Amino acid sequence: MSGSDLSAVTSRRVTVLGSTGSIGVSTLEVIAHARETYGADAFPLEALTAQSSVEALAEQARRFKPKLAVIGDASRGEQLKNLLSGTGIETASGYDAIVEAASRPSDVVMVAIIGAASLEPALAAVKRGATIALANKECIVAAGDIFRRAVAEYGATLIPVDSEHNAAFQLLNFDETHAIERVTLTASGGPFRDWTSERMAAATPEQAVAHPNWSMGAKISVDSATLMNKGLELIEAHFLFSLEPEKLAVLVHPQSIVHCLVTYTDGSTLAHLSAPDMRTPIAHALAWPRRMSSPSRRLDLAMLNKLTFEAADARRFPCLGLAQDCLRTGGLAPTILNAANEVAVQAFLGRRIGFLDIARVVEDTLSARASNGSGVPRDVEGVLDADRQARDLAGAICRRVAA
Ligand code: NDP
Ligand code: MG
């Protein structure tokens, strides 16, 4: 592979898990752009999957022509089959069919499902040694070492898509890991960056999902508003890059232009900059180790005029501190943190609990599980078991808070 010939990149067969979500749609935009730029046969698709957006999935399948389209909600399987009849595209339904889609032969699997539901399909792709373009952070937070060990054992390749981690992946010198002093992930601060706790107590789901810089799915938007997203990302960085918790830091940067800073022992700090547009890390992950064209927005620093940075306020955003504690504790603490947070965010989006209750539910779930002994997971079953128990407990705490 050399020069401008990208055929070895564009011939990669791709599976997109969670194709109807924010990252999934951006991935298909990058692929559409590649087909316009490099030829109509660029990035042939093996499978597209969604949970319940059956019409959007069928429309994507008609346009992008994967071999297989899968809808997670089994009650919509018949509808998907009817919508795609006569196209020659195979259809399937149910969670197991999503896992099966991930295990079918493809070169790159974009993991863009939301939440820990991505764990089993992601592991299925890992087990056949695929390249995993990992947008989803919850699976690596929940399964940490087990996920990392599986990647090594099966010879899979993990390319982070989460913007800060994709930036770190580009900045880190993996031959000089001894010289990495600090990796700083930036956070926009979310829509409530300058709100008081009193004002946040009355925040609505609409206000919480109105992110100032990024257009994302509802769950990660709420995580950005609580700063749990940055906490999950610290844990994600720890597992992705084998970095000790003390070497990981957070800096609030409201413009979301600098995504990560890596400081080396000689005092050099390298920064990665791009417009806040996920199509940049997605294109990087699909083409790695080469570079290809992406339709993403370009930076205009003269127009931006200035970039600002400030410390994160863990007092007003307690979810960040909870995640940092779990990072230091290790074992099943990140699994429990993630599960409790998923349940609490759903309860907030369903208007059953208030915005500040999210941290309360997570903290109470962690305390209750800690007194039962949180332990270290031995295998995936151990992770899934702890995840289920934490969800049950967090659900009960949500009901108590709501009463
Ligand atoms: P969305 O909510 O927009 O999309 C989620 C996708 O997963 C949809 O295709 C959805 O299908 C599908 N899905 C939902 N629940 C399930 C389930 N239980 N089983 C299988 N599939 C399911 O999420 P985002 O695209 O915002 O985020 C995806 C992941 O990427 C998250 O882990 C997030 O943290 C991470 N990420 C996202 C960024 C962003 O900019 N959005 C940035 C960095 C990381 P349906 O449409 O049918 O519901
Ligand atoms: Mg991120």
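Before listing contacts, I note that a polar contact here is a pair of N or O atoms within 3.5 Å. I also note that the model is a predicted one.

Entry on polar contacts. With that cut-off in mind, I looked up the backbone around ligand 1 and found that a backbone N or O atom of glycine 18 lies 3.3 Å from a ligand oxygen atom. A polar backbone atom of serine 22 is 2.9 Å from an oxygen atom of ligand 1, and for a polar backbone atom of glutamine 51 I noted 3.0 Å to an oxygen atom of the ligand. I then looked up the areas: ligand 1 taken alone exposes 910 Å², of which the protein buries 86%.

Entry on the surroundings. I looked up the shell of 24 residues around ligand 1, where Thr20, Ile23, Ser52, Ser53 and Glu138 come nearest. Sorted by class, this shell holds 11 nonpolar, 10 polar and 3 charged residues. The space that ligand 1 takes up is the largest pocket.

Entry on the backbone. I found a cis peptide bond joining tryptophan 288 and proline 289, with omega at about 5 degrees, and I placed proline 289 in the loop between α13 (279-287) and α14 (301-304). Phenylalanine 43, although not a glycine, has a positive phi of about 50 degrees; phenylalanine 43 lies in the loop between α2 (22-38) and β2 (45-50).

Conventions. Residues are numbered from 1 along each chain as its sequence is written. Chains are lettered from A and ligands numbered from 1 in the order in which they are written. This is a predicted model: local features need pLDDT of at least 70, side-chain atom pairs count only at pLDDT 80 or more; totals for chains, interfaces and linings use all residues. Side-chain values use heavy atoms; hydrogens and water are left out. A residue is near a molecule or strand if one of its heavy atoms lies within 4 Å of it. A polar contact is a pair of N or O atoms within 3.5 Å; within protein, one must be able to donate a hydrogen and the other to accept it, and residues adjacent in sequence count only if both atoms are side-chain atoms. Accessible areas come from the Shrake-Rupley method with a 1.4 Å probe; for residues, only the protein chains shown count as cover. On a 1 Å grid over the protein atoms alone, a cavity is a set of points where a 1.4 Å probe fits but cannot get out, and a pocket is an open set with protein on both sides within 12 Å along at least five of seven lines; lining residues have an atom within 4 Å of a point. A molecule sits in a cavity or pocket if more than half of its atoms lie within 2 Å of its grid points. Ala, Val, Leu, Ile, Met, Phe, Trp, Tyr, Cys and Pro count as nonpolar, Asp, Glu, Lys and Arg as charged, and the others, Gly among them, as polar. Helices (H or I, at least four residues) and strands (E, at least two) are DSSP runs, numbered from the N terminus.
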